[in-house]
Structures are given as C-alpha cells and as structure tokens.
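Thanks for asking me to look this over. Here are my notes, point by point, to read alongside the model.

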Amino acid sequence: MISSKPQVLVQGITGSEGTYWTEQMLSYGTTVVAGCTPGKGGQTVAGVPVYNTVADALDAHPIDLSVIFVPARFAKDAAAEAISAGVLTVIVLAEFVPVHDTMEMLALARANAANLIGPNCPGIVFPGRDFVGIMPGWSDRLFAPGRIGVVSRSGSLGALINLNLVSAGLGQSAFLGLGGDPIVGTTFRDALEWFESDPGTDAIVLLGEVGGSMEEAAAEFIPSMAKPVVAFIAGQNAPEGKKMGHAGAMVSGGKGTAASKMQALAAAGAHVATVPSDVVALLNHL
Amino acid sequence: MFVEEHDAKQLIATGGVPIPQGAIAVSADQAYGIADEVGGPVMVKAQVPSGKRGKGGGIVKSDNPADAREAAARLLGSSLGQFAVDRVLVEACADIAHELYVAVTIDSAAGGPLLMVSTQGGMDIEEVHATTPDQVQMVPVDIRAGLGAGEAMDIVTATDLDPSLRAPLASFLLTLYGLFRRYDAQLLEINPLAVTKTGELVALDAKLVVDDNAAFRQPDVGPERHTGTALELEAKEQGFLYVELDGDVGVLANGAGLTMSTMDAITAHGGSPANFLEVGGMAYKRATPALALVLKNPNVKSLLVNLCGAYARTDVIAEGLIAGFEALKPEMSVSFCIHGTGEERAQQIVRDALGIEPHETMDAAVMEAIAMAAAASAGEKGEGRRQ
C-alpha cells in the first residue's frame, strides 16, 4: 500500500483545513509535492505549488498518493479525478459522504487497481517518517517509531491506544485509520495482509467497533498469519438500532454486535482485550 | 431516513411502478370517502416509519366503506411501536394470484448494491433465506455499469417464475434499480410485489430507506419523523449524536470510537453509563451545549470527562466545558482524564478553574466516576431516610 515514502498531492489545499494540515505534514517531513484546487492554479500554499487539476499536477510531479480535504458532497468527484488521472492511493477524510458516492469511488478504484482509504477516516501515520491526514503525527505522546502495526476505524480510539503504547515504551511501524462509515475502501483484512508482509511490523493491534462485518472478515485471515494480533472492539454496550456516532457503528437485527466480533477474532487466534488498557498488557504477554 | 409507505409509493409511482389506487386519510370519515371512491374491499394501513406493521395490527382489511371507517377510527390516535398513528393509507385490495419479493439493498461487505428476488413474497425474507436459501436470488450489481437488461433477465430466469412473467419482472427490476440509485437508497424493498390474476405487477408495500448523508440532494424526501427520548430529540435538533442510556455516569468524550470505549470501560469496572455523546469531529468546538445536554438527564449522578485528542483539540474542548461549568454550576462530582492534542493546556485549564487534578489513566478516571456516582446515590438515599 504505502511501503515507501510517498509523494503526496493535497486536493483542496487552499481551504483552511487543507492549508493547516499541509503545513503540519510538511513540518513533520511528509513529501507534499503539489496541491490542487480548481481555479487556484499558479498559487502556492506553504511553498507547495497549486494546480487547477490533478492531471496538471501529475504533468509536473510524480504523485503516489492524494489526500482529499474537500467537503463530503464533493469528495466523490475529487477522488474520481485523482483515480482517473492515475493516482494509485487516495485518502478521503470527509465525514458524511453519501454511501452511493462511496460505492462509486470504490468501484472506480477497483477498476483502476487503485487503493481507496476512507471515507470518514483520520489518515495514516508512519512514526519518524511521515504522516498523511488529520492525525497529529508529530505528537511524541501518541507516536514513536517502533514495531507494532495499529489499524483502527476510529481516530479517537486510535489516539488512546497509541498513547497507551507510547506510554508503555512501545512504538508503531504504522497507524492506519480506516474510517467509521458502513463501507470503507481499505478494510481490516487489507490492513492485516499489509502488516503481515511488512518487515517493520512484529505484531498488530486491530481496533474495531460495532456494526458491519469487517472484523469478522479480517478474522478469517488471522489463522494464516505468522504475526500475532491483539484486538479491541468498541461498543460492547451499544444498544440495538442506535447509531453510535459513526454511520457504520450500529447493531441492527442482532447483527454486528461487539460480542460476535470478539468471538470471531478470539476463535481465529487473536488476543482480545475487554477494555482499552488491556491492549498493552496483552502485547506485553505475547 | 425511513420513508413511510405512502410517501415511498408516491415516489416509486412517479418512477413508473404500479401501485394500488388509494389515498391518505387523517380522519375516519375521510377513510370512508376514499373506500367508497375506490370501491370494493380496501386495506387500511397505519403510516408509521417502521416495518412489521402487520404483526402489530396496523394493517386491516375492510370489506366496505363502513368497515374502513371503523378500522381507521381504531387506528388513528393509537400507537404502533413507539409511533403515534396520525394518518392511514386506504387503498384497493389487489386481486392477487401470487406474491413476489424484490429489493435492492447495499452489501456493505462487498461495497456495492445487491439485488434480491424471490418468488416467496409476502413473508419475512430473512426467514425465507434462512430456511430455503435457494428461494432467494441475490445478485451483486456493478454500480458503474448499472443493472443491464440481460442481467435482469438472467436473474428472473433463475427463479421458478411463470415464463410469461419473466419479461415484465425483468423490466420491473430495471425500474426498481433506477429508483434505488435516484433516491440514494440504502434499501428499496417491495414486499409483496403482487402478480394479479390478470398478470399485472403491483407494489402492495414499499419500504424505502434513504441515506441521511444524501439529504442535500433529495429534496423530495423527508423530513423524517424522528424517534427517541425527549433528550435525544433535543440533541438531534442541536446537531449532536446523543443516545440516552439507563446508567448514572454521564459521559463526555471526543470521537465515536473513544466514547464507545469509555462506555465499555465504565461497564467493565462495574458502573453504568448514562449516555453516549460524541464531542468529536467538528463538534469539538461545542463542548458547552454538549455539557448542558449530559447534565439534563436526571439520572446522571457523576460526570466522566475522557478526552484523547487527535484531530480534536482537548484545550478547546476544556475551555468549552469550563464555560459550561461556570454557567450551569452543576452540583456533581467530576472525574477527568485528558491526553492527546492540547493536553498540557487543557489539564491546566481544568486545574485552574475547578481545582481538579486530571487522572493519568483512563481506568483511574472511570473508577473514580463510578465511585462518585455510587456515593451520590447513597447520599440521596441517606437524605431520604432522614426525612
């Protein structure tokens, strides 16, 4: 997925969020080579050249990854522009993207052999190397170079577990934020496969939540893995039929419960924590 | 957004789906008038945003206008599940030869639309699928290509449907899929789809769930009748995601994942959370009204503030909370744990304003909040005895 340091395009770079996070990414060491905002071509943001279209940016720079800061209702067109132009990894941060748009983005990504990460995701962090998205990669309370791969639907739960890891003297090979929507482009299973083949990762922490079946699908891959997986599932007390903040976090018709996910993961050989603070304890006992 | 049957039927009828003749009545006399105009037996159907109305007694067959008036009088003003019935649909009974099931939904695991067809209509499709899976055709649709005419015909041919109905049903599926796309549906289900004795297809029921995130481009849909407790409705109006629970520890945390995990930790340590409330995403700048919401629940006996900032700045949340404390002056104990983006300043804000030292670990904060709630409850009982 992102094995070597990517050359990054920021779509929506001239907006306030796009500009703020571009500055943060640059100062951490992320290689932001270009930005894109229709009608703002020729400007610069934090020294980064801005282009009208992704195609214009690609004419001037090699680009491995695009991070999309545009609002939810424009996210699909922005992602489609990047994928169609040939960008192979696209990260969609926006929350509240219509699910039909997500299905279209995902289908387009598959047709072009591209990776979609998100939507409604916090991005990715490679401690000591770079980060892309809206996680404070620079925070030495949350991130330290190390050998634990962390994958989470949620940014806030990811932050808590990363804090606990760093407080315990551990560090991360990478943090991957997948997003809290019912459909996301990159799944837990994709992340497990990637970490399994990543020479910098010794063990994986999977942070799931109620709703959907992505954790169960990941569990099917675990028996074939050489590396251990520690898992925590948020929402063990989520009432049926209520959206728990994330559009995808809902137990319905008795399906998507934390209990079923924890059971599937445990049966597959994962070490399953019942409270977040158990994650570090389980890692230390591996 | 759950679109009620009558509204869903109007939408699909505009798109070319045949529906029974009928209209909405808000009074018993109106129901009489509609039944009289329709002629013959009618169905009187309570309009509420929920499935399973038949089992709840919300659908009544009436042989004549007088019966329809009586049925409407009984249904109007009653409640079905958690909804008050304030309108009924009165429509002609179809001359049914056979009932089919057709639906388009979203397969979240596959990430695309899923077309479902069964000749066992009128029943709970999950039961049909569980007992006789070969009776339900489930076919994924490529959203970029759309549903093709040949594909629709293949699906229909795979069922045990009478060959004379294949072409009309295939054409119906194309219409249905088009409507699913046009209305940003999460589910568009016709159950039953009647085959009449004259060989026509008529949608006897319609269940349409439209994606909330697409409301901005669906002007013909909604607004939805909201469900929930008074506090949940108030929260929704203010744009907060709030779920009322039956515990006594009020929870304020940032982000959906952290908030759910905080609830899990409260339960694991023997306590009981009073709410889910997310003060994350863009809502992190609105901690003052969020605090007011949590405190409005009379069951709340202590408050747990658990912040772990990433995108959300904990110092901004802390400022908002302190403003709320100063305005509302709650007489309840509070336990804090604050880490992540902005934590040093956030912790200092809490120390300076409230004289409270935030806990280093979330577990310690959770356990203190549970103990505080227990002490407050014991104190209330003690006061009760003294009186």
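1. A definition to start with: two residues are in contact if their C-beta atoms, placed from the backbone, lie within 7 Å. Please also keep in mind that this is a predicted model.

2. On that basis, the two domains of chain A do meet: ten residues of domain 1 are in contact with five residues of domain 2. The α4 helix (99-111) and the β7 strand (115-117) of chain A each supply at least two residues of the domain 1 side. Six residues, the largest share, come from α4(A). By class, this side of domain 1 has eight nonpolar, two polar and no charged residues.

3. As for where those domains sit, the assignment for chain A places domain 1 at 7-117 and domain 2 at 139-284. Their C-alpha centres lie 26 Å apart.

4. Now for chain A overall. Chain A holds nine helices and 14 strands, and its C-alpha trace spans about 55 × 40 × 30 Å along the principal axes.

5. Finally, the nonpolar cores. The largest has 203 residues, and A:Ile68, A:Val90 and B:Leu173 have the most contacts inside it. Helix α6 (residues 166-182) of chain B gives the most to this core, with eight residues. Leaving aside residues up to four places away in sequence, B:Leu173 touches B:Val102, B:Leu115, B:Leu147, B:Ala152 and B:Ile155. A second, separate core of 20 residues includes B:Ile34, B:Ala68, B:Leu75 and B:Leu76.

Note on methods
Residues are numbered from 1 along each chain as its sequence is written. Chains are lettered from A and ligands numbered from 1 in the order in which they are written. This is a predicted model: local features need pLDDT of at least 70, side-chain atom pairs count only at pLDDT 80 or more; totals for chains, interfaces and linings use all residues. Helices (H or I, at least four residues) and strands (E, at least two) are DSSP runs, numbered from the N terminus. A nonpolar core is a set of buried Ala, Val, Leu, Ile, Met, Phe, Trp, Tyr and Cys residues joined through C-beta atoms within 7 Å. A residue is buried if 20 or more other C-beta atoms lie within 10 Å of its own, exposed if 12 or fewer, and partly exposed in between; C-beta atoms are placed from the backbone. Domain bounds come from an automatic or database domain assignment. Ala, Val, Leu, Ile, Met, Phe, Trp, Tyr, Cys and Pro count as nonpolar, Asp, Glu, Lys and Arg as charged, and the others, Gly among them, as polar.
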